[in-house]
Amino acid sequence: MAGLNESQMKLVADLEIEMMADMYNRMTSSCQKKCIPPKYRDGELSKGEAVCLDRCVAKYLEIHDRVGRKLTSISQQDEAAIKKLQAQVQQN
């Protein structure tokens with residue numbers, strides 16, 4: 001990350017860890033509510049529950065990846081637009 005000092009890099013790393021932990025907690029809660037009934041009889045997951053959890057987690061991670069790529073794309077477009085505006089302002 002060009003131009004960031006050590007404390008800024010630590011802040012970015014801490015924020016990334018916090019975001020990943022939040023995503024994991026949301027995914028866990030969402031998939032558990034969807035796939036595991038509130039009253040269960042067995043301590044082990046049934047095959048159906050395990051398959052449901054696998055699919056739920058896969059979908060959650062796929063969507064998380066898609067959203068991340070889209071946000072990166074938007075951010076890059078914004079940066080390009082800002083640079084273009086700055087160049088226009090400097091020319092005038």
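Q: Before we start, which residues count as nonpolar, charged or polar?
A: Ala, Val, Leu, Ile, Met, Phe, Trp, Tyr, Cys and Pro count as nonpolar, while Asp, Glu, Lys and Arg are charged. The others, Gly among them, are polar. Keep in mind that this is a predicted model.

Q: What volume does the pocket have?
A: About 310 Å³ for this largest pocket.

Q: New topic: how do helix 1 and helix 2 cross?
A: Helix 1 covers residues 6-35, and its axis comes within 9 Å of the axis of helix 2, with a crossing angle of roughly 145°. The crossing is right-handed.

Q: Which residues make the contact?
A: From helix 1 there are M20, M23, R26, M27, S30, C31, Q32, K34 and C35. Helix 2 brings E49, C52, L53, C56, V57, Y60, L61 and H64.

Q: What classes are those?
A: Eleven residues of this contact are nonpolar, three are polar and three are charged.

Q: Last one: what does UniProt annotate here?
A: An unreviewed UniProt entry has the annotation "domain: Tim10-like" over residues 12-72. In the model, that stretch is 82% helix and 0% strand, and its end C-alpha atoms lie 15 Å apart.

Notes
Residues are numbered from 1 along each chain as its sequence is written. This is a predicted model: local features need pLDDT of at least 70, side-chain atom pairs count only at pLDDT 80 or more; totals for chains, interfaces and linings use all residues. Side-chain values use heavy atoms; hydrogens and water are left out. On a 1 Å grid over the protein atoms alone, a cavity is a set of points where a 1.4 Å probe fits but cannot get out, and a pocket is an open set with protein on both sides within 12 Å along at least five of seven lines; lining residues have an atom within 4 Å of a point. Grid points are joined across faces, edges and corners, and a volume is the space filled by probe spheres set on the points. UniProt positions are given in the numbering used here, feature names are shortened, and annotations may be inferred rather than shown by experiment. Helices (H or I, at least four residues) and strands (E, at least two) are DSSP runs, numbered from the N terminus. Axes are lines fitted to C-alpha atoms, for helices over the stretch in contact, and angles run from 0 to 180 degrees between N-to-C directions. A crossing is left-handed if the near helix is turned anticlockwise from the far one by less than a right angle, and right-handed if clockwise. Contact means heavy atoms within 4.5 Å.
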